[in-house]
Amino acid sequence: MALLDIQHLAQFFGGLRAVSDFNIQLERGEIVGLIGPNGAGKTTVFNVITGVYMPTKGTIVFDGQNIVGRKTYQITQAGIARTFQNIRLFSKSSVIDNVKIAYHFHMSYGNADAFLHTRKYWQGEQLVDDYAIDLLRLFHLDGHADDLSGSLPYGAQRRLEIARALATKPKLLILDEPAAGMNPAEADELMEMIHWLRDKFDLTILLIEHQMRVVMGVCERIKVMDFGETICEGVPEYIRNDPRVIEAYLGKGA
Amino acid sequence: MTFLRAHRTIATVIAFALVYVVIKVLNLVGIFNAYYIQLIMLAGINIVMTVSLGMVNGFTGQFSIGHAGFMAVGAYTSVMITTVWLHASVANPWVGYPVFIAAILAGGLLAAAAGYIVGAPSLRLKGDYLAIVTLSASELIRTVIRVSSFLGGPRGLGGIPKFTNLEVVFVFAIVSVVLMRNYLFSSHGRSMKAVRDSEIAAEATGINTTRQKVFVFVFSAFFAGISGGVFAHLLQFIHPDNFSFMKSLEYLIYLYVGGSASISGAMVGAAVFTVLPELLRSLQSWRMVIYPLILILVMIFRTEGIMGLKEFSFILIPQRQRKEVSA
């Protein structure tokens with residue numbers, strides 16, 4: 001059974017058809033790319049999956065459960081974590097706190113333990129501190145654990161956002177333009193990291209990306225959107241040579 | 001000293017006990033008269049009010065501007081219990097203090113209930129709705145008190161037994177601030193800051209932001225209610241206009257001048273700006289000129305308040321040594 005199964009998804013904003021009849025099945029362990037020109041509806045698809053928008057039509061089945069109509073935090077708790085196109089860190093919190101916040105719903109102590117700092121609180125804090133520092137170490141951020149996250153360099157902020165998403169212990173990770181603003185060397189590193197993430201954390205990954213080199217290098221399957229509709233789907237070699245894709249990106253007669 | 005550095009909690013308790021002893025001695029020697037002691041007690045109450053307001057405005061990033069309304073709920077509730085319903089039994093201090101404590105707790109709970117009624121619908125929304133709702137709610141509470149003759153109406157309520165003394169304020173302020181500080185330095189406190197920094201990202205990391213916001217708002221109202229009870233049993237006379245919008249505004253000023261995202265800042269703001277205007281009594285009519293002037297100057301030179309994001313070391317939770325980090 002597919003981990004994520006989206007059928008006939010449509011999202012209208014008034015008269016604007018942001019997404020129409022979108023279908024996708026993600027098998028466990030796959031890395032799938034979603035590409036298309038600006039305004040094609042890629043981020044809208046992400047926002048619908050994560051419950052930011054309520055879809056006009058269609059079903060989204062994740063891990064056997066229909067998640068349409070659930071709140072964003074419930075969807076995250078069900079196992080879908082995301083990063084944002086424009087980085088959204090908790091900039092006034094420390095680097096390690098960013099990761100700990102994402103672990104919050106796994107924490108076992110309640111409000112009363114928080115007020116009274118009971119034994120349960122100290123055990124929980126020790127556990128989350130170990131967990132967070134181990135995770136940061138994997139992303140080479142442990143040296144900055146107590147710095148404000150807003151003060152990190154750009155590339156490190158991108159890595160922290162991924163680390164934070166992983167702290168929720170997701171089954172599906174969705175990345176919105178992870179290579180945005182990266183130079184070729186950083187993008188190469190990112191490609192390596194995405195493969196490593198999938199194997200290390202047993203993930204399924206869905207990503208939006210504009211840098212074709214990254215998409216072609218990392219994705220096993222690609223879906224191309226334009227004006228809210230899927231125009232093509234297949235392996236990278238097939239997508240690269242498809243006339244509809246070339247037309248969508250470069251225009252007719254190119 | 002090394003012992004004290006290792007046991008910061010004990011050091012803090014000793015420090016506060018010393019402050020108390022110094023004030024008490026200065027009082028007994030006659031350097032601090034009853035007026036100064038009253039001022040110190042007011043500062044203690046204002047510290048709790050400001051720190052609890054900071055939980056909502058500074059750390060959760062919401063904008064509540066009617067904090068005095070919850071104080072009024074707590075004040076009137078506790079006074080109704082100690083003065084109107086149980087006035088006979090409070091003459092004996094052995095009965096009086098338990099009744100007083102039960103009364104201020106009841107005031108806190110009722111204020112928390114009022115906080116839930118105000119917060120639950122408005123905190124579901126993102127944006128500035130909370131400001132409008134809290135402003136109207138606090139004025140509504142004041143107006144209801146004004147027209148309710150059993151609450152004394154516009155004449156106010158007098159004859160309140162003076163249960164609040166220096167010891168009560170010390171215990172009350174320290175316990176309240178410690179509880180709120182504990183909450184802030186917990187997983188739930190980190191979630192509050194996450195809501196402040198980015199509500200969308202907080203939701204995306206699995207935090208039920210609405211529930212977190214409502215809970216903080218409710219316990220903030222609870223502490224405001226208790227402060228109201230302590231306040232009423234200090235002044236011995238309460239009037240609806242004690243809890244007007246100007247009162248709420250004072251707490252906002254204490255908070256933002258001191259530093260909204262810092263418990264220490266809220267404490268400094270409340271303490272300094274409770275005492276300062278009283279020391280400048282001779283300039284009474286200029287008080288409202290000096291206040292905004294200070295605000296403007298702080299906003300220009302210290303945008304994040306006097307303390308910014310910093311905390312006094314006794315506020316912070318001692319960090320344990322992490323495992324050795326390999327380079």
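1. Axes here are lines fitted to C-alpha atoms, for helices over the stretch in contact, and angles run from 0 to 180 degrees between N-to-C directions. Helices (H or I, at least four residues) and strands (E, at least two) are DSSP runs, numbered from the N terminus.

2. Before going on, please note that this is a predicted model, in which local features need pLDDT of at least 70, side-chain atom pairs count only at pLDDT 80 or more, and totals for chains, interfaces and linings use all residues. Residues are numbered from 1 along each chain as its sequence is written, while chains are lettered from A and ligands numbered from 1 in the order in which they are written.

3. Back to that helix pair: the crossing of α3(B) and α12(B) is right-handed (left-handed if the near helix is turned anticlockwise from the far one by less than a right angle, right-handed if clockwise). On the α3(B) side you will find B:L39, B:L42, B:A43, B:N46, B:I47, B:T50, B:V51 and B:G54, and their partners in α12(B) include B:I263, B:M267, B:T274 and B:E278. Two residues are in contact if their C-beta atoms, placed from the backbone, lie within 7 Å. The contact of α3(B) with α12(B) has eleven nonpolar, five polar and one charged residues. Ala, Val, Leu, Ile, Met, Phe, Trp, Tyr, Cys and Pro count as nonpolar, Asp, Glu, Lys and Arg as charged, and the others, Gly among them, as polar.

4. Next, look at α4 (residues 67-85) and α5 (residues 93-122) of chain B, whose axes come within 8 Å and cross at roughly 145°. This crossing is right-handed. Among the residues in the contact are B:F70, B:V73 and B:I81 of α4(B), with B:F100, B:I104 and B:L110 of α5(B). Sorted by class, the contact of α4(B) with α5(B) has twelve nonpolar, seven polar and no charged residues.

5. Chain B as a whole has 13 helices and zero strands. Its radius of gyration, taken over C-alpha atoms, is 20 Å, close to the 20 Å from the globule rule for 327 residues, so chain B is as compact as a globular protein of that length. That rule is 2.2 Å times the number of residues to the power 0.38. The C-alpha trace of chain B spans about 70 × 50 × 45 Å along its principal axes.

6. Of the 327 residues in chain B, 44% are buried (20 or more other C-beta atoms within 10 Å of the residue's own, with C-beta atoms placed from the backbone). Helix α8 (residues 187-197) of chain B is mostly covered, with eleven of its eleven residues buried; B:H188, B:R190, B:K193 and B:D197 are among them.

7. Now for the two chains together: 32 residues of chain A are in contact with 25 residues of chain B. On the chain A side, α2 (72-78), α3 (95-102), α4 (111-116) and α5 (119-138) each supply at least two residues. That side has 13 nonpolar, twelve polar and seven charged residues.

8. Finally, chain A is assigned domain 1 (1-79 + 170-254) and domain 2 (92-169), with bounds from an automatic or database domain assignment. Their C-alpha centres lie 27 Å apart. Nine residues of domain 1 are in contact with eight residues of domain 2.

Methods. Buried ≥ 20, exposed ≤ 12 C-beta atoms within 10 Å, placed from the backbone.
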